[in-house]
Amino acid sequence: MLLIKNGRVLDPATKIDATLDVLIDGDRISKVGANLDASGAEVFDATSLVVAPGFIDLHCHLREPGGEMSETIETGTKSAARGGFTAVCCMPNTQPVNDNAAVTRSIVERAAAAGTVRVWPIGAASKSSKGESLAEISAMKAAGIVAVSDDGKPVATARLMRQVMDYCTPLGLPVIDHCEDPSLFAGGVMREGPHSLKLGLQGIPAASESICVGRDIEMALLTGARLHIAHMSASASLAYVRAAKRSGLRVTCEVTPHHFTLTDEDVRYDASYKMNPPLASRADRDALISGLADGSVDCIATDHAPHHPASKDVEFDRAPFGILGFETALALGFSELVHPGKLPLIRLLELFTTGPARILGIERKLAAGEPADVTIFSTDHEWTYRAADSPSKSRNTPFDGRTFRGAPMATVVAGRIVYRR
Ligand SMILES: [Zn+2]
Ligand SMILES: [Zn+2]
C-alpha cells in the first residue's frame, strides 16, 4: 500500500481542490480523504505539493522498433516518467511501421517488460503509412491500439481519409491527423515569413497545415468520425476547429509545448529549432494560447521526437524534424501559461489529464476504484533542465540549460512510484 499524505489534491474531473490524503492499494486508488491512516503502508509526504490524476501524453515517438539509436521504449518511458506522464501514446512511424497486430503486440509486450509508464500504441491508418490501402486496423485494435494515424505525414488523400474514418467509427477509434499539404510543404524547413527570408531558409506557409485541417473537417462532416488534429500550430487551423466544434462535429485538437512557447523569431541555425510543423508566427502562438485558455484546444501533447545526436548535428536543411518533449512539458506550462496568469492551474491540469482521456474515450480521476496513476508536482520548485542528465538517448532540445519554476516531483503508475525527483 502507498499513502500519499497532505498533498493539495487537485482533480479537474471531480473538481476537488483540498489538502487530502490518497491511499493506494495494489494498482487501484482505495480512498481519497482527510487524515487517512494505513498501518504498514509506504508513506509519501506530499506537503506543499500538488497531487493530480496521472498525466497522459497523446503524441510521442518512442522509436522502437527500428530507431533504437535514438530511443527505446525503455529509455523513452523513463524520460516520460520524469516528465510526470503516467501513460504515453506512441506514433506508428517506426521501422517496421506499426500497421499490423504483430508490431502492436511487440510494442505492448516491450512496454510491459520495461515497466515504467503505460504505453498505448497508435496504429497506422494505411499500410506502411504509404497512403495507398488501409492498415489492419481492427486486428491492431484487438492487440491494443487506441487510435490511428499516419503521423509524420497526413493521410494521403481525402478518399483514403474517408475510408479510414468509415472503418474507425464503428470501432470507436479516433483518427489523428498530421495536417500538411505536401505540395506546399515540399523542401521547406521553417515557417514561411520575414524570418525565413532573413535566415535564407526555405519556408513552409501556414496554409500547408490549415488546408489539410479544412479537408479533414469536411471528411469528419461527411462521415461523422472522431477526428483529432495533431500538433496544431496555425491560427487558421484553430478557426476551422472552433467552427467544427460549434457545429457539433466530433473534432478535437492538441498543441505542443514548443508551439505555445517559441515562435519563428526564435529559430537559429541549430537543428534543435527544426520541427514539423515548424515554429509559427507570434500571432499564431498567441492564438494557440487563447485556444488553450478558452477550451478550443483539448489537450497538450509533447510530440516527443528523439533523434540521435549524430543525425541532428548537421546543417539545418539536412537535419530531421523534431525535438524532445517529455521532461519540459509541465514546466513550460508553468512558465508560459500559469505563472504569467494566462491559464489557471486547474485548466493546465485538464489539458494533461481529462482532456487527452476524453479523446481516448476513457476517464481519468482521483477516486476510489480508479487506476492508481498519479502525478505529484511542485508549482514553485526551481530547477535547471540539463538534457545530458536525461534518460532519453537523444539530446535534441532547444530548452537545454533553461531554468524553470515548477516540476514533476513523483510519478505513480499502477500504484508504484516509477519516478521520484
Ligand atoms: Zn506529426
Ligand atoms: Zn509526431
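Colleague: Why is phenylalanine 321 called partly exposed?
Modeller: Its relative accessible area is 26%. Buried means under 20% relative accessible area, exposed means over 50%, and partly exposed is in between, with a 1.4 Å probe and protein chains only. So phenylalanine 321, at 26%, is partly exposed.

Colleague: Before we go on, what sort of model is this, and how are things numbered?
Modeller: This is a predicted model, where local features need pLDDT of at least 70, side-chain atom pairs count only at pLDDT 80 or more, and totals for chains, interfaces and linings use all residues. Residues are numbered from 1 along each chain as its sequence is written, chains are lettered from A and ligands numbered from 1 in the order written, and side-chain values use heavy atoms, without hydrogens and water.

Colleague: What makes phenylalanine 185 and phenylalanine 321 an aromatic pair, and why is the pair tilted?
Modeller: Rings of Phe, Tyr and Trp (its six-membered ring) pair if their centres lie within 6.5 Å; planes under 30 degrees apart are stacked, over 60 edge-to-face and the rest tilted. Here the centres are 5.7 Å apart and the planes make 55°, so the pair qualifies and is tilted. Phenylalanine 185 sits in helix H5 (residues 182-185), and phenylalanine 321 in the loop between helix H11 (309-312) and helix H12 (329-338), 136 residues apart. Helices (H or I, at least four residues) and strands (E, at least two) are DSSP runs, numbered from the N terminus.

Colleague: And is phenylalanine 185 buried or exposed?
Modeller: Buried, because its relative accessibility is 11%.

Colleague: Why is the pair of phenylalanine 334 and phenylalanine 377 called tilted?
Modeller: The ring centres are 5.7 Å apart and the planes stand at 45°, so this pair is tilted. Phenylalanine 334 is in helix H12 and phenylalanine 377 in strand E15 (residues 374-384), 43 residues apart. Both residues are buried. They also belong to one aromatic cluster with Phe55, Phe85, Phe326 and Phe352.

Colleague: Why is helix H1 described as largely enclosed by the rest of the structure?
Modeller: Because 7 of the 10 residues of H1 (residues 73-82) are buried. Among them are Ile73, Thr75 and Ala80. The buried residues of H1 pack against strand E7 (85-90), helix H2 (101-114), strand E8 (118-121), strand E16 (403-413) and strand E17 (416-420), where contact means heavy atoms within 4.5 Å.

Colleague: What makes serine 48 and serine 129 stand out in their backbone?
Modeller: Most residues other than glycine have a negative phi, and most peptide bonds are trans. Serine 48 has a positive phi of about 70°, and serine 129 has a positive phi near 50°. Serine 48 counts as exposed because its relative accessibility is 68%, whereas serine 129, at 6%, counts as buried.
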